[in-house]
Amino acid sequence: DPHEWVAPAATDVRSPCPGLNTLANHGYLPRTGKNISIPMILQAAMDGFDVGPGAIIQAAKFGLLSGDAPTTMDLDALKLHNLIEHDASISRNDLAVTGDNLHFNETIFTTLANANPGVDYYNATSAAHVQDERLAISLATNPHVTNTPKEVEVRTRESGLCLSVMGDPLTGVAPRQFVQIFFQEERLSIAEGWKRSTPTITAETLDPIHDTILSVTNWTYTQRCEDLVLEP
Ligand code: HEM
Ligand code: MG
């Protein structure tokens, strides 16, 4: 099976993104993690997750700015701070706190692991609480924290993508076990019963989940930024 899960080899590189890493660990992206083009990302996201291009094209385009190659990127370069990579991640530490904003961190992940107690799923409401809790920790512990409207937008999109890919993209409900395996092992939990999403995850299916997260979160900015221009 060309899409069997294989742990990265010592010379393979991975990113701060559990989504891209999972696609590479299953061979939807090159297992080396190197020289990855936007068309390769869009195809991998469709084949591996049923994520359509409209849901991730902006992130993919930003990704090209992480290195010098004109049309490709390496996964590890995506750790470039404040390009896409931001503080108050749900599975990685802040760059200024430990110097490692790239690798999965079990302590950071505790917030999500313990969220929505008493039930076996996560949803947009629990994701909003996780975002608030993670940001509060960063604000309290990271004197260099960046927290502008750009960060809340990126973080909210990422949480919405996670719920959609691991669960039902129409309700935003995702089984706890699938989400945990996604972060902890960067593996598709096919053996545990996970199936590739239907319908296709698009900008339109993400919108309501995104809006619910933003309406539940208590987020406020602590710095301003320029308005983000993402499309004509
Ligand atoms: C972070 C999922 C596509 C780049 C994340 C996070 C999730 C996620 C859940 C949050 C991790 C955390 O907070 O610890 C996905 C899924 C994708 C996808 C399911 C579907 C294919 C992409 C694409 C790019 C990208 C296309 C750019 C080429 C990043 C980066 C981060 C990230 C740089 C780190 C942000 C941070 O937490 O500091 N992604 N992602 N992702 N993603 Fe993705
Ligand atoms: Mg981060």
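# Cavities, metal sites and core of a predicted model

Lining the largest cavity are 44 residues, and those nearest its centre are Cys17, Ala59, Ile84, Glu158 and Leu161. The structure is a predicted model, in which local features need pLDDT of at least 70 and side-chain atom pairs count only at pLDDT 80 or more, while totals for chains, interfaces and linings use all residues. Residues are numbered from 1 along each chain as its sequence is written, chains are lettered from A and ligands numbered from 1 in the order in which they are written, and side-chain values use heavy atoms, with hydrogens and water left out.

**Cavities**

- Two cavities of 30 Å³ or more are found in a search of the whole structure; on a 1 Å grid over the protein atoms alone, a cavity is a set of points where a 1.4 Å probe fits but cannot get out, and its lining residues have an atom within 4 Å of a point.
- The volume of the largest cavity is about 970 Å³, where a volume is the space filled by probe spheres set on grid points that are joined across faces, edges and corners.
- At least two residues of the lining of the largest cavity come from each of α1, α2, α3 (57-64), α7 and α8, and α7 gives the most, with ten residues; helices (H or I, at least four residues) and strands (E, at least two) are DSSP runs, numbered from the N terminus.
- The lining of the largest cavity comprises 28 nonpolar, nine polar and seven charged residues, with Ala, Val, Leu, Ile, Met, Phe, Trp, Tyr, Cys and Pro counted as nonpolar, Asp, Glu, Lys and Arg as charged, and the others, Gly among them, as polar.
- The second largest cavity has a volume of about 90 Å³, and its lining includes Leu112, Tyr122, Cys162, Val179 and Phe183.
- α6, α7 and α8 are the elements that give two or more residues to the lining of the second largest cavity, which by class has nine nonpolar, three polar and no charged residues.

**Second largest pocket**

- The second largest pocket holds about 190 Å³ of space, a pocket being an open set of points with protein on both sides within 12 Å along at least five of seven lines.
- The lining of the second largest pocket divides into five nonpolar, five polar and five charged residues.

**Metal sites**

- Cysteine 17 lies in the segment before α1 and is among the residues nearest the centre of the largest cavity.
- The magnesium ion (ligand 2) has Glu85 (OE), His86 (O) and Ser89 (OG) as its protein donors, lying 1.9 to 2.2 Å from it, and these donors follow the spacing E-H-x2-S along the chain.
- Histidine 86 and serine 89 are both buried, where buried means under 20% relative accessible area, exposed over 50% and partly exposed in between (1.4 Å probe, protein chains only).

- Valine 179 touches Leu112, Tyr122, Cys162, Met166 and Ala174, leaving aside residues up to four places away in sequence, with contact meaning heavy atoms within 4.5 Å.
- In α1, eight of its eight residues are buried, and these buried residues pack against α2 and α8.

**Backbone features**

- Threonine 198 and proline 199 are joined by a cis peptide bond with omega of about -10 degrees, and proline 199 lies in the loop between α8 and α9.
- Asparagine 35, although not a glycine, has a positive phi of about 55 degrees, and at 52% relative accessibility this asparagine 35 counts as exposed.

Note on methods
Donors are N, O and S atoms within 2.8 Å of the metal (3.2 Å for Na, K and Ca); water is not among the atoms, so sites may look incomplete.
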